[in-house]
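Me: I would like to go through the terms used for this structure and see what each one rests on. Please set each value against its cut-off.

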Amino acid sequence: MSAVALTVNGKAVTGDVEPRTLLVQFLREQLRLTGTHVGCDTSQCGACVVHVDGKAVKSCTTFAWQVQGANITTIEGLAEPNGPLHPMQEAFRENHALQCGYCTPGMIMAAADLLQRNPNPSDEEIRHGLEGNLCRCTGYHNIVEAVKAAAANGVSA
Ligand code: FES
Ligand code: FES
């Protein structure tokens with residue numbers, strides 16, 4: 001076991017991890033931040049996406065020790081504490097961009113990162129930008145609509 005210290009959703013946290021402990025395990029099992037999901041074990045589904053130092057990362061393929069000192073944001077920390085939904089969350093809600101919701105946290109974190117890098121993406125760029133995130137319910141159309149709506153509202157963070 002070794003100690004890790006990092007910032008998660010604005011709070012300094014520490015923990016003891018094994019070399020093989022994945023970031024998603026650390027978040028879910030030690031910090032009880034269960035909004036970050038696990039949908040596969042092959043780095044394909046994107047349900048586990050969080051932001052590491054502002055960039056979307058699949059937390060199922062990142063070891064906890066690799067993010068020593070990093071600033072992590074999970075779906076629980078995307079909106080301001082006790083504030084309204086983050087505009088990307090609101091865009092998903094308004095555009096019916098979710099059904100079962102399993103993919104949604106990762107999809108929203110990936111979409112937020114996409115708009116940080118490209119504030120006005122085309123449909124094709126949105127589909128390409130989210131190709132690492134799988135949704136088994138929605139058919140993707142409304143997800144693209146939600147990201148477009150968020151972009152139109154100037155969401156870029
Ligand atoms: S759980 Fe990480 S990509 Fe599927
Ligand atoms: S809403 Fe069910 S997997 Fe995307």
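Reply: The questions below concern a predicted model.

Me: Why is Gln89 called buried?

Reply: Buried means under 20% relative accessible area. Gln89 has 15%, so the word applies. Gln89 sits in helix α2, residues 87-94. Leaving aside neighbours within four places in sequence, Gln89 is in contact with Ile75, Leu78, Ala79 and Ile108.

Me: How do you know that β1 and β2 pair?

Reply: Two strands pair if there are at least two bridges between them. Strand β1 (residues 2-8) and strand β2 (residues 11-17) have seven bridges, in the antiparallel sense, so they pair. In one of these bridges, Leu6 has Val13 of β2 as its partner. The hairpin of β1 and β2 has two residues between the strands, and Asn9 takes a positive phi near 50° there.

Me: What makes Glu18 and Arg20 a salt bridge?

Reply: The side-chain nitrogen must be within 4 Å of the carboxyl oxygen. For Glu18 and Arg20 the closest N and O atoms are 3.1 Å apart, so the pair qualifies. A search of the whole structure finds five salt bridges.

Me: Why is Arg20 called exposed, and why is Glu18 called partly exposed?

Reply: Exposed means over 50%, and partly exposed lies between that value and the 20% limit for buried. Arg20 has 62% relative accessibility, so Arg20 is exposed. Glu18 has 32%, so Glu18 is partly exposed.

Me: How do you know that Lys148 and Asp123 form a salt bridge?

Reply: The N to O distance is 3.2 Å, and the cut-off is 4 Å, so the pair counts. Lys148 lies in helix α5 (residues 141-152) and Asp123 in helix α4 (residues 123-129), so the pair ties together parts that are 25 residues apart in sequence. Lys148 is partly exposed at 29%, and Asp123 is partly exposed at 36%.

Me: What makes Asp123, Glu145 and Lys148 one network?

Reply: The side chains of Glu145 and Lys148 also meet in a salt bridge, at 3.3 Å from N to O. Salt bridges that share partners join Asp123, Glu145 and Lys148 into one network. Glu145 and Lys148 are three residues apart in helix α5, so about one helical turn separates them. Glu145, with a relative accessible area of 27%, is partly exposed.

How values were computed
Residues are numbered from 1 along each chain as its sequence is written. Chains are lettered from A and ligands numbered from 1 in the order in which they are written. This is a predicted model: local features need pLDDT of at least 70, side-chain atom pairs count only at pLDDT 80 or more; totals for chains, interfaces and linings use all residues. Side-chain values use heavy atoms; hydrogens and water are left out. Helices (H or I, at least four residues) and strands (E, at least two) are DSSP runs, numbered from the N terminus. Buried means under 20% relative accessible area, exposed over 50%, partly exposed in between (1.4 Å probe, protein chains only). Contact means heavy atoms within 4.5 Å.
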